Amino acid sequence: MLRPQACKLVSGVRATALARHVAVVPSCHQSTQPAVAAAAPPAVSKHFLIQRSNKEDLAAIRAAWPKPDFNITALKNLLDYDNIEMRDKFREFLKQDLYKPRYNLTLEEERELALKRLQAICDAGFISVLDFVNNPLKIFAAHELAVIDPAMGTKMTVQFNLFGGTVLKLGTERHHYLLPGIDSMKDVGCFGLTELGYGNNAVEMETTATYDPDTDELIVNTPNPLAQKYWITNGACHAKHIVVFAQLHVKGKNEGIHGVLVRCRGEELEPVEGVTVEDMGHKMGLNGVDNAKLTFDNVRVPRENLLNRFSDITPEGEFVTTIKQGGRARFLAMADQLLSGRICIASGCIIASKVCLSIAVRYAATRLTVGPTGLSDTPILCYQLQQRALVPPLATTIALTFGLTKVKLAWAKNPTDSKEHLNVVRMCCAIKPYSSWHLGHVVTMSRERCGGQGYLSASRIGTYFGSAHAGQTAEGDNSVLMQKVAKEHLGLFKPHKDSPPARLDLEVVDHIEYLLKARENLQYTELRKKMASALVYTKVGKKMPGILKPIGDKLQEKGIFNTWMLQEQDLIQAFAKSYADRIVCEAFKETLAGDFGAVDPSLVPVLNQVLHLHLLSTLEKDLSTFLSAGLLNTSQADSVLTINRRLCAELAPHSLALIESFGLPEEMLQSPIASDWIGYNAYDNQGELQTRDEFLSILNSK
């Protein structure tokens with residue numbers, strides 16, 4: 001790319017940095033201040049501008065930005081929350097050349113590279129399936145860093161969470177011989193739940209596991225193409241084992257879905273008789289992940305291969321279970337590992353958002369464009385266009401990190417009380433969609449705001465398009481999961497009792513939180529009323545006998561199914577999103593209150609600003625609802641935008657320090673535009689960070 005010609009006009013001129021102050025909107029009270037009867041006198045806020053020369057080293061331009069008045073390490077540790085020492089060691093580990101991105105690869109090379117990278121992480125001991133027992137938060141901590149490479153991270157989450165976690169938790173001692181091999185990657189496995197015809201409705205899957213008392217074996221069978229196991233990660237190349245979820249038939253009775261261990265390859269990765277593995281090929285992203293379709297032609301395995309934590313078949317051929325409620329309850333117990341899987345996906349999406357924002361902010365801080373002098377001497381990060389694009393999602397990424405901590409801690413408590421368990425289900429099903437939708441926005445916005453440079457694969461942002469879209473549909477389609485959130489929330493929710501402020505002040509965080517709760521109350525009341533009415537129609541319609549059945553069918557058109565599935569999806573989705581917005585807000589406030597550990601005093605002012613901006617952005621995304629519900633008037637809606645713009649201007653000079661708290665140095669980001677993008681373009685780089693010979697030497701090294 002051509003360097004700006006305007007820099008010639010300032011060659012030889014000593015670079016200077018000066019702050020130019022432009023009066024903007026009136027300043028605010030502190031966000032913790034109670035509502036006041038009258039507005040405080042307006043103060044003057046200042047818009048920071050910095051002027052540099054294109055002849056300068058880019059590191060010097062970044063260094064010229066204001067130094068933070070808060071402790072960056074303290075903020076990093078607050079965001080990390082747990083396993084701080086392990087995370088810091090992992091960050092150092094990921095700086096090695098093995099993790100340097102390579103883009104022009106064959107499908108086979110991508111897959112082998114992802115495996116080699118994961119093998120190195122396992123050899124270094126950064127993750128173990130036994131962490132679920134000994135240190136469950138460490139599982140997520142590993143994902144919050146490893147998914148900087150989303151293909152490797154996806155293979156990791158299947159190996160250790162879906163496959164390993166299922167063998168550990170649904171299996172017993174007779175299956176745990178696999179655990180050392182899972183940790184060492186000697187026994188790579190996969191998780192066979194999804195079928196071609198049955199994704200979100202997996203309870204209706206058609207794969208069968210039929211007990212044969214004559215041989216004391218289970219016969220695993222795929223009856224038709226719709227029943228083939230589909231999108232099976234690790235299946236196409238590397239897995240030796242698969243946990244096959246199937247309808248368990250014992251003595252002619254379907255006992256519901258259970259997991260069965262089945263060999264899908266031999267010790268030398270040779271084919272296994274009766275198991276057909278078909279490579280799903282090239283995808284729109286994450287091609288280091290080897291996805292497969294698997295079918296089973298009456299494959300026989302020992303009875304003991306049934307994962308028997310909750311149900312078993314005795315040597316005498318009798319089915320026994322501790323779950324007496326029936327098939328669906330057994331399925332929910334079998335699929336419980338999906339909850340931690342959703343946290344793993346959220347962890348990966350949040351680290352991906354941090355990477356994209358770190359790259360975009362670092363580039364924007366050094367990319368000079370036309371300034372007040374008419375020369376290319378002003379970083380684009382100084383301008384409102386860039387600030388309004390980058391700073392609000394930066395605030396939301398920090399908020400989501402605190403939200404993730406809240407969800408992780410709730411899950412790790414492993415509540416046995418059914419109501420508390422449903423609350424954890426609700427939280428896990430909310431954080432995954434929120435995080436992956438957010439990543440989708442961050443990737444698009446970061447790519448666009450980096451211009452043509454963001455379009456280069458070497459800039460790395462494009463990697464996360466595939467990551468975002470995978471996260472949005474893996475382990476539960478986001479919008480379908482939000483239906484689950486709404487369903488559980490409808491049963492668990494108790495309307496908020498907060499009194500409305502005497503005078504709404506959008507400078508006060510507590511007042512914005514009140515608005516979020518008021519929206520949630522209104523949506524709950526409306527949805528509950530509609531579902532109560534629908535329930536009456538359903539009950540009456542089902543009771544219509546004989547000749548009155550046509551009338552009953554007509555009544556049921558206004559019943560629960562039609563109301564929920566065909567008529568009220570907008571309200572259902574909005575209610576679920578309101579819940580997610582509120583728990584993230586609560587998590588941020590709980591963090592500031594010290595509920596998750598001591599907060600360095602230097603962090604409080606900047607985190608109050610970050611929270612304030614995040615909440616205003618939440619309002620901005622749904623202004624139409626707040627206006628139509630009468631929660632805001634047009635003047636207040638204008639204030640949402642005005643204060644948002646001011647906070648963006650105030651936080652932008654600190655954005656380099658905020659992204660530094662993510663703990664992603666240049667050696668981990670591995671993006672030229674986050675580093676010396678001029679130096680990178682001073683030679684024929686072929687759009688890569690290393691030569692092909694250098695890459696092959698790494699790939700083929702022992």
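Reply: Let's start with Glu 620, which is partly exposed, its relative accessible area being 27%. Keep in mind that the model is predicted. The partner of Glu 620 is Arg 388, and the closest N and O atoms of this salt bridge are 2.9 Å apart. Glu 620 sits in helix H20 (residues 604-621) and Arg 388 in helix H11 (residues 384-412), so this pair ties together parts that are 232 residues apart in sequence. Arg 388 is partly exposed as well, with a relative accessible area of 24%; the cut-off for buried is under 20%.

Next up is Arg 362 with Glu 666, whose side chains meet in a salt bridge at 2.4 Å, N to O. Here the parts tied together are 304 residues apart in sequence, because Arg 362 belongs to helix H10 (residues 337-364) and Glu 666 to helix H24 (residues 666-669). As for accessibility, Arg 362 comes out at 16% and so counts as buried, while Glu 666, at 33%, counts as partly exposed.

Then there's Lys 76 and Asp 88. Their side chains form a salt bridge too, with an N to O distance of 2.9 Å. Lys 76 is in helix H2 (residues 72-80) and Asp 88 in helix H3 (residues 84-93), so the parts this pair joins are 12 residues apart in sequence. Lys 76 is buried, at a relative accessible area of 12%, whereas Asp 88 is partly exposed at 31%.

As for the whole model, the count comes to 48 salt bridges. The background to all this is simple: side chains of opposite charge can pair when their charged atoms come close.

Charged residues turn up in the second largest pocket as well. Its lining has 6 of them by class, along with 13 nonpolar and 9 polar residues. Of the 28 lining residues, Arg 102, Tyr 103, Glu 110, Leu 286 and Thr 463 lie nearest the centre of that pocket. Helix H4 gives the most to the lining, with 4 residues, and the space in the pocket is about 640 Å³.

How values were computed:
Residues are numbered from 1 along each chain as its sequence is written. This is a predicted model: local features need pLDDT of at least 70, side-chain atom pairs count only at pLDDT 80 or more; totals for chains, interfaces and linings use all residues. Side-chain values use heavy atoms; hydrogens and water are left out. A salt bridge is a side-chain nitrogen of Lys or Arg within 4 Å of a carboxyl oxygen of Asp or Glu. Helices (H or I, at least four residues) and strands (E, at least two) are DSSP runs, numbered from the N terminus. Buried means under 20% relative accessible area, exposed over 50%, partly exposed in between (1.4 Å probe, protein chains only). On a 1 Å grid over the protein atoms alone, a cavity is a set of points where a 1.4 Å probe fits but cannot get out, and a pocket is an open set with protein on both sides within 12 Å along at least five of seven lines; lining residues have an atom within 4 Å of a point. Grid points are joined across faces, edges and corners, and a volume is the space filled by probe spheres set on the points. Ala, Val, Leu, Ile, Met, Phe, Trp, Tyr, Cys and Pro count as nonpolar, Asp, Glu, Lys and Arg as charged, and the others, Gly among them, as polar.
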